[in-house]
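Student: Please put the sequence and structure up for me. I would like to go through them one part at a time.

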Amino acid sequence: MATIGTGGWVTVAEYSTEQPAYIACGMLRSHGIEANVGADRMSTLYGAGSTWAPVTLNVPADRAEEAAVLLKEYGDS
């Protein structure tokens with residue numbers, strides 16, 4: 001489910017590590033949807049990859065529904 005972000009962007013997915021978030025971000029971009037990963041690098045513990053804060057995947061609000069469908073279709077949500 002999308003949550004409202006700032007500047008007209010919404011969070012369409014959350015991940016426990018950056019790698020799957022960046023893979024999903026690339027997939028959305030390859031389908032023409034602007035996307036960015038909102039990773040809080042300060043929450044990564046000594047580069048172990050695990051975070052105590054979710055890594056978010058964000059898209060413009062007007063593309064959130066389309067992005068959610070693609071994420072589900074590709075198994076990236």
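Student: Which residues is N58 in contact with, leaving aside its neighbours within four places in sequence?

Tutor: This is a predicted model, in which local features need pLDDT of at least 70 and side-chain atom pairs count only at pLDDT 80 or more, while totals for chains, interfaces and linings use all residues. Residues are numbered from 1 along each chain as its sequence is written, and side-chain values use heavy atoms, with hydrogens and water left out. Contact means heavy atoms within 4.5 Å. With its neighbours up to four places away set aside, N58 is in contact with W9, V10, T11, E34, A35, N36, V37 and G38.

Student: Is N58 buried or exposed?

Tutor: N58 is found in strand β4; helices (H or I, at least four residues) and strands (E, at least two) are DSSP runs, numbered from the N terminus. Buried means under 20% relative accessible area, exposed over 50%, and partly exposed in between (1.4 Å probe, protein chains only). The relative accessible area of N58 is 12%, so N58 is buried.

Student: Which side chain makes a polar contact of 2.7 Å with the side chain of N58?

Tutor: A polar contact is a pair of N or O atoms within 3.5 Å; within protein, one must be able to donate a hydrogen and the other to accept it, and residues adjacent in sequence count only if both atoms are side-chain atoms. A contact of this kind joins the side chains of T56 and N58 at 3.3 Å. The residue that stands opposite N58 in β4 is T11. The contact at 2.7 Å is with the side chain of T11.

Student: Which residue in β4 is the bridge partner of V37?

Tutor: Strand β3 (residues 36–38) runs antiparallel to β4, and three bridges join them. In β4, the bridge partner of V37 is L57.

Student: Where does T56 lie, and what is its relative accessible area?

Tutor: T56 lies in strand β4, a strand that is mostly covered, with six of its six residues buried. Beyond four places in sequence, T56 touches T11, A13, E14, N36, V37 and G38. T56 counts as buried because its relative accessible area is under 20%, at 16%.

Student: What separates the C-alpha atoms of A21 and T56?

Tutor: A21 has its place in helix α1 and is buried, with a relative accessible area of 0%. Not counting residues up to four places away in sequence, A21 touches Y15, V37, V55 and L57. A21 and T56 are 35 residues apart along the chain, and their C-alpha atoms are separated by 7.1 Å.

Student: Is Q19 buried or exposed?

Tutor: Q19 lies in helix α1 (residues 18–30). Its C-alpha atom is 9.5 Å from that of V55, 36 residues apart along the chain. Q19 has 59% relative accessibility, which is over 50%, so Q19 counts as exposed.

Student: What pattern does the protein follow along the sequence?

Tutor: The protein has two helices and four strands. Of its 77 residues, 35% are buried. Read along the sequence, the pattern is β-β-α-β-β-α.

Note on methods: Pairing = 2+ DSSP bridges.
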